[in-house]
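Have it open beside you as you read.

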Amino acid sequence: MNVLYTAHGKFLLTGEYLVLKGALALALPLKLGQSLEVKSLETNKGILRWEAYRPERKWFSATLQRDFFENFSTDSPEKTFGLIRILEAVKQLNPNAFERNDLKFTTHLDFDPEWGLGSSSTLIANLAKWANVNPYDLLKLTFGGSGYDLACATAEGPIYYQLIDGNSARLDCFVPRNDAKRPSEPTPRVEFIDFQPCFADRLFFVYQGQKQSSSKEVKAFLEKTKPSDLQKDIEAISEISKAMPQCQTLDEFCLLMQCHERIISRCIGQTPVQKRFPDFSGTLKSLGAWGGDFVLAATEWTENQVRDYFKKQGLEVVFGYRDMVL
C-alpha cells in the first residue's frame, strides 16, 4: 500500500525574527514543495529504507534498523544522522508509528535544498501527517522556530501567522493530536487572507546564493533579545503586515518594504540588503534570515532587466512572483 503526502514551500514576506516574539507575520505558501511517499514492503526484516530526491537527481539514501534506527547503511552519514534525529522525535510523539511492516520512504523536492524554501519544514509537515502527530510538537523536538513554515506547508494561499499567549488561538492549518492546552507556551494562530497584489508582475524573488541556518539564526536572536525590549517594533511590524495587502500601488508597497527593513535592521544590528545593490532601480527586502536565501525585489524594470542586473552581480536564480506563490 502506497500513501502520498505533499507540502508547500514558503516565503516569509513580513515579520522575520519578530514573529518569534509575537509579531503578526504575512507568509506565502509556494507552488514548489516536497512530496513523501510511504510504502509498506512485503519483507519483514525490521528495516526502514529512505530515498530522498532533489530536482534531477538523488539527494541521499539510507537503510535503517526500524525499531531504533541503528545499524544503518547510507551514502551520506551527515544527512542520515539528521534524518535519524527527526525519526526519533516522531517515535517519541507516536511510539507506534513504526510498528508495522518494513517501510520505504521516498521524498521528492521541487527545489534546490540550498535555496531555503522549506526542505525541513515540508518534511516535518509530511511526516507529521503520516504519523498522526502534531507538527508543531515535532518541530519543537527537531529544528525549532516560529512554525510559520508549517502553516504554509498545507495552506492554499497567503496567511497571517502569529504566536499568541493563552488558549484563544485558532489553528486553521493543523489540528493538534490532542486538545490539551498549554497556557505557558505560545500558540500558533493562522488566518487565511486575500493577498493578490495588482502589481505582482513587478515583484521578483532573487536567490542570494548562500543558504542561512534558520535554527542558528533563531537561537541567536532569542538569546539576545526580550519581548519587552521590542514591543514597539513588534507592534510596528504587525501594522505593516496588516497594511501590505491593502496596497493599491507599487510605490505604497515599496514604502512599507523600506520601513520594515529599517525596523528589522535596528533590531538585529545588520545592514539592509539594499546597501549591497545601491544602483538597483527599486526596493529590496530580505525574506527570512538575513544575509542569505531569497530577497524580494520590487521594481518598474522588466523581468529581463531584473535578470540581467542580478546576473551581472553573480546571481542567476530569479523568479517572478506569480511563478512561485500559490
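1. The side chain of Arg202 meets that of Asp201 in a salt bridge, 3.6 Å from N to O; a salt bridge here is a side-chain nitrogen of Lys or Arg within 4 Å of a carboxyl oxygen of Asp or Glu. Asp201 itself is partly exposed, with a relative accessible area of 42%.

2. A word on provenance. This is a predicted model, where local features need pLDDT of at least 70 and side-chain atom pairs count only at pLDDT 80 or more, while totals for chains, interfaces and linings use all residues. Residues are numbered from 1 along each chain as its sequence is written, and side-chain values use heavy atoms, with hydrogens and water left out.

3. Five of its seven residues are buried, so strand 6 is largely enclosed by the rest of the structure. Strand 2 (residues 25–40) pairs with strand 6 in the antiparallel sense over seven bridges; pairing requires that DSSP finds at least two bridges between the strands. Strand 3 (residues 47–54) runs parallel to strand 6, and six bridges join them. If you want landmarks, Lys39 stands opposite Lys104, and Glu51 stands opposite Thr106.

4. Which side chain does Glu51 meet in a salt bridge? It is Lys104, at 3.9 Å from N to O. That pair links distant parts of the chain, with Glu51 in strand 3 and Lys104 in strand 6, 53 residues apart. Lys104 is partly exposed, at a relative accessible area of 25%. A search of the whole structure finds eight salt bridges.

5. Glu303 is partly exposed at 34%, and Arg307 is partly exposed at 30%.

6. Helix 7 (residues 250–268) has 19 residues and reaches 27 Å from its first C-alpha to its last, close to the 27 Å expected; the expected span is 1.5 Å times one less than the number of residues. Its buried residues include Leu250, Phe253, Met257, His260 and Glu261. Gly269 follows the helix, and its phi is positive, near 70°.

7. On to the rings. The search finds 23 aromatic pairs, counting rings of Phe, Tyr and Trp (its six-membered ring) whose centres lie within 6.5 Å, with planes under 30 degrees apart called stacked, over 60 edge-to-face and the rest tilted. Trp59 and Phe60 have ring centres 5.9 Å apart and planes at 80°, so that pair is edge-to-face. Trp59 is partly exposed at 25%, whereas Phe60 is buried at 6%. Phe199 and Phe253 form a tilted pair, 5.2 Å centre to centre with 50° between the planes. This pair links the loop between strand 8 (187–192) and strand 9 (203–207) to helix 7, across 54 residues. Phe199 is buried at 6% and Phe253 is buried at 0%.

Key:
Helix = DSSP H or I, 4+ residues; strand = E, 2+ residues; numbered from the N terminus. Buried < 20%, exposed > 50% of the residue type's maximum accessible area, 1.4 Å probe, protein only.
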